[in-house]
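Let's take a walk through this one together. Have the sequence and the model open side by side, and follow along.

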Amino acid sequence: MKVLVVGGGGREHTIVWKISQSEKVSKIYCAPGNGGISQLAECVDISATDIDSMVLFAKEKEIDLVMVAPDDPLVMGMVDAMEKNGIRAFGPRKNAAIIEGSKVFSKDLMKKYNIPTAGYEVFTDSNSAIAYLKEQNSYPAVIKAEGLALGKGVIIAQNEDEAVSGIHEIMDDKKFGDSGNRVVIEEFLTGPEVSVLAFTDGKCVKPMVSAQDHKRAYDNDKGPNTGGMGTFSPSRLYDEAKAKECMENIFIPTMNAMNAEGRTFKGVLYFGLMMTEKGVKVIEYNCRFGDPETQVVLPRLKTDLVDIMEAIIDEKLGDIDIEWEDNAAVCVVMASGGYPVSYEKGHLISGIDKAEEMDNVTVFHAGTKATDNGFTNAGGRVLGVTATDKNLDSAIKRAYEAVGLISWKDEFHRNDIGIK
């Protein structure tokens with residue numbers, strides 16, 4: 001098979017790495033790809049959101065399977081466009097990807113079908129949003145831009161000043177463009193967070209192993225929100241009882257709700273969950289593999305990923321057994337100094353080879369560029385250093401040993417991934 005993976009970050013490197021292990025696959029393309037991906041796949045200079053060019057390329061190369069990994073092209077309808085041209089594509093269609101593309105849609109869906117989530121209100125202008133915040137006078141307050149914002153469109157305001165400036169940033173300054181035309185203001189939930197990604201073909205849901213993400217830039221969950229500074233799997237808190245509760249109250253009801261709305265979801269559905277005193281509640285849905293959760297979930301997958309994707313496209317997910325390794329995985333993100341605000345690019349990275357010589361360590365590239373001298377940093381999140389081992393504590397130790405072998409100018413990372 002010839003496979004095309006759409007995207008170019010750490011998640012896509014992990015997906016390409018997993019697909020490359022399939023005996024069914026003879027050639028992998030990745031568009032646009034990155035430095036690390038170029039070692040496993042032929043990188044193609046097409047933007048992940050350029051649907052017309054992507055379809056044209058898939059037709060020219062007679063691609064057998066297109067895996068659309070990022071949220072933007074899914075929400076824009078890339079899977080629909082591929083299917084219209086007779087190309088098999090993995091991921092939800094546009095009318096189902098709205099579950100991530102519109103926070104208003106997803107909150108309204110949960111309300112309509114009694115799926116547990118935080119209470120909320122929706123606003124279309126900053127004045128009424130600010131008036132509501134002042135009237136409620138309840139902090140912390142959660143403010144979300146409605147649309148996609150690279151995982152950064154959520155503000156947890158600790159006081160009125162932060163809330164007001166957050167509303168102005170999103171709605172008036174258009175920090176996230178049209179994604180901020182509407183905002184959702186939610187009640188603040190407390191409890192540990194857990195991410196569960198699930199395979200679904202609209203007929204059955206097969207959850208993957210659990211993971212926990214660290215969103216804040218610095219140790220002890222300090223600093224600004226990022227796309228994710230590291231992750232580990234399994235969660236220490238997500239046990240069989242919680243899994244059963246989520247299956248009955250959240251996973252199956254969400255699949256059924258989307259079917260009832262005529263928006264059958266086929267692909268990977270990501271559940272961002274919070275374990276509150278009143279049970280598990282949904283914080284958010286994503287319509288694809290999470291980043292960096294993928295970097296710890298896929299290394300634990302024993303079953304051929306291509307078999308799973310094909311079964312989902314054919315709505316035969318119920319016919320295959322998905323097996324997982326009985327181990328643990330930890331991913332530490334190494335980032336450019338100054339991320340997530342501003343940072344310098346082009347610094348030469350040393351030590352990746354040494355780290356990869358370690359047993360059960362894989363370095364996934366997120367923002368790198370391949371040069372004649374080696375790899376340079378080309379983004380905010382640069383590398384995801386993933387280690388697997390028999391349990392979390394030994395996987396953490398192994399991951400940080402590998403991180404210690406890699407360096408470049410102004411690099412920074414958190415030192416407490418997997419500890420909480």
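Start with K369, which sits across from T376 in β21. Around that pair, strand β20 (residues 368-371) and strand β21 (residues 374-377) run antiparallel, paired over four bridges. Pairing here takes at least two DSSP bridges between the strands, and the strands themselves are DSSP runs (E, at least two residues), just as helices are runs of H or I with at least four residues, numbered from the N terminus. A hairpin of two residues links β20 to β21.

A word on what you're looking at: this is a predicted model, where local features need pLDDT of at least 70 and side-chain atom pairs count only at pLDDT 80 or more, while totals for chains, interfaces and linings use all residues. Residues are numbered from 1 along each chain as its sequence is written, and side-chain values use heavy atoms, leaving out hydrogens and water.

Next, find L383 in strand β22 (residues 381-389). L383 counts as buried because its relative accessibility is 1%; the cut-off for buried is under 20% relative accessible area, with exposed being over 50% and partly exposed in between (1.4 Å probe, protein chains only). Leaving aside residues up to four places away in sequence, L383 touches a set of residues including V332, M334, I352, F364 and W408. Touching, or contact, means heavy atoms within 4.5 Å.

From L383, jump to E100: the two are 283 residues apart in sequence, and their C-alpha atoms are 25 Å apart in space. E100 belongs to α5, where I98, I99, E100 and G101 meet K103, F105, S106 and L109 of α6. The axes of α5 (residues 94-101) and α6 (residues 103-112) come within 6 Å and cross at roughly 90°, so the two helices are roughly perpendicular, a label that covers 65 to 115 degrees.

Now for a serine in a loop. S210 lies between β11 (205-207) and β12 (212-213), and S210 is buried, with a relative accessible area of 6%. The S210 side chain reaches the backbone nitrogen of S235 at 3.0 Å. Among the other residues that S210 touches are V194, F232 and Y238.

Finish at helix α1 (residues 10-19), which is mostly covered, with 10 of its 10 residues buried. Those buried residues pack against several elements, among them β1 (2-7), β2 (27-32) and α11 (305-313).

How values were computed. Axes fitted to C-alpha atoms, helices over the stretch in contact; angles between N-to-C directions. Parallel < 35°, antiparallel > 145°, perpendicular 65-115°, else oblique. Polar contact = N/O pair within 3.5 Å; in protein donor to acceptor, adjacent residues only side chain to side chain.
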